[in-house]
Amino acid sequence: MQNDNMTKQEFLYALKRALSGEVSPEVFNENMNFYEEYISTEIQKGQSEEEVMEKLGDPRLIAKTIIETSSPMAKSSYAEADYDSDTGRENNRTYSYGFGKEKNGRNNMHIFSGWKAALILFTILAVIILFLVLIFKAIGALFYFFGPVFMIVVLILLLRLKD
């Protein structure tokens, strides 16, 4: 999509389509709000909508930059192109540092979120609560069986201290 005669709404729509499903909802909302406010502010300053659109450029290129810079892999991998003198072609390599493998230019890093994270958290809490209940039951059983003996020992010690 070229930027010639693009309106603010067309620009935002193209940016929205390019970012949808590619970045987190926070990154998506932050950038959509930023560009909407930026365009409105520049128009209020006296520029025409056409001038602002021309200055911004292609929304797909902007989206590509946003996607690349918001990726968790952006800080942990880089691509390198080198020239193969035998074939006369460039070889592109991607180096990853333990976060996931690159496939089709996308990050395959798996992060637990949503219902999976809630399920894991719930399971961990259930195990902790079960463990605590068992410990308190064991302590309670000890007091049930040894409580009278404990009370007698305490009474004897108190009587000895009194004398």
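Which side chain meets that of Lys45 in a salt bridge? Before I answer, a word on the source. This is a predicted model, in which local features need pLDDT of at least 70, side-chain atom pairs count only at pLDDT 80 or more, and totals for chains, interfaces and linings use all residues. Residues are numbered from 1 along each chain as its sequence is written, and side-chain values use heavy atoms, with hydrogens and water left out.

The partner of Lys45 is Glu42, at 3.3 Å, N to O. A salt bridge here is a side-chain nitrogen of Lys or Arg within 4 Å of a carboxyl oxygen of Asp or Glu. Glu42 is buried, at 8% relative accessibility, whereas Lys45 is exposed, at 61%. Buried means under 20% relative accessible area, exposed over 50%, and partly exposed in between, with a 1.4 Å probe and protein chains only.

Glu42 also forms a salt bridge with Lys55, again 3.3 Å, N to O. This pair links distant parts of the chain, with Lys55 in helix α3 and Glu42 in helix α2, 13 residues apart. Helices are DSSP runs of H or I, at least four residues, numbered from the N terminus.

The largest nonpolar core has 16 residues, and Phe11, Leu15, Leu19, Tyr35 and Leu56 touch the most other members. Helices α1, α2, α3 and α4 each supply at least two residues of this core. Such a core is a set of buried Ala, Val, Leu, Ile, Met, Phe, Trp, Tyr and Cys residues joined through side-chain atoms within 4.5 Å.
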